[in-house]
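Subject: Structure handover

Hello,

Here is the structure for your files.

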Amino acid sequence: ISSWKVAKEPTIESGSAVAAFELEDNEQTRAMWNSRFKLTYTVTVGDHRLETNLDITNTGDAPFDFTTLLHTYFHVDDVAKTTVDGLKGCKLFDKVKKETRTEDRDLVKISSETDTVYETTSQVHCITNGPSGKTFTVTKKNLPDTVIWNPWTEKAKAMSDFGDDEYPFMICVEAGHVASRYNLGPQQTYSCGQIISIKD
């Protein structure tokens with residue numbers, strides 16, 4: 001386990017709280033993956049708005065490739081009634097059914113265990129049925145793909161860090177670069193992120 005370091009103490013900027021954290025390679029990480037890197041994760045919290053930005057820097061002298069995914073859990077009133085837009089027409093890989101197809105729904109709903117990777121999705125997703133009927137909006141930055149995840153009944157029971165009765169009240173809508181690997185050259189930085197906002 002590697003610990004992040006505070007790179008920027010929390011400050012107030014334009015009415016929002018901003019803090020940054022860094023993680024660099026060490027002997028332990030290089031034993032698992034022999035590459036030199038620095039991750040900088042910047043978090044900005046404002047009124048009904050959360051922005052997270054991730055900078056991935058190759059600090060070594062050889063290129064490396066990677067995938068990245070922002071694992072965002074949204075609390076909803078009832079996942080079976082929740083919808084996610086911005087996915088129609090996208091190629092997807094259903095990891096539960098082990099099949100590839102094209103999404104034909106304007107609004108995606110789930111009713112069973114879901115672990116689906118969507119390629120080249122819309123920059124913006126709206127997630128309905130949040131607490132008190134609110135809608136979440138996810139705006140992606142330099143992240144072409146989206147993963148939809150929910151463990152449902154049996155998998156939730158098998159997970160030690162997930163409550164058996166929690167799955168009906170959550171959905172993961174995860175912005176990422178996962179359908180293909182990104183190649184990062186020496187001394188280069190890949191920047192990505194997302195903005196999450198809430199509206200009535």
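The model is predicted: local features need pLDDT of at least 70 and side-chain atom pairs count only at pLDDT 80 or more, while totals for chains, interfaces and linings use all residues. Residues are numbered from 1 along each chain as its sequence is written, and side-chain values use heavy atoms, with hydrogens and water left out.

An open, antiparallel sheet is built from 7 strands in the order S1-S2-S3-S4-S14-S11-S10. Strands here are DSSP runs of E with at least two residues, numbered from the N terminus, and two of them pair if DSSP finds at least two bridges between them. From one strand to the next, the twist averages 15°.

S3 (residues 37-46) and S4 (residues 49-58) run antiparallel and are joined by 10 bridges. Valine 45 has leucine 50 in S4 as its bridge partner.

Threonine 52 lies in S4 and is buried (under 20% relative accessible area, 1.4 Å probe, protein chains only), at 5%. Beyond four places in sequence, its contacts (heavy atoms within 4.5 Å) include Tyr41, Leu70 and Cys192.

Threonine 82 sits in the loop between S6 (73-75) and S7 (91-94). Threonine 82 is also buried, with a relative accessible area of 1%. Its side chain reaches the backbone oxygen of aspartate 78 at 3.0 Å. Among its contacts beyond four places in sequence are Val76, Ile127 and Ile171.

Regards

Terms used:
Helix = DSSP H or I, 4+ residues; strand = E, 2+ residues; numbered from the N terminus. Buried < 20%, exposed > 50% of the residue type's maximum accessible area, 1.4 Å probe, protein only. Polar contact = N/O pair within 3.5 Å; in protein donor to acceptor, adjacent residues only side chain to side chain. Axes fitted to C-alpha atoms, helices over the stretch in contact; angles between N-to-C directions.
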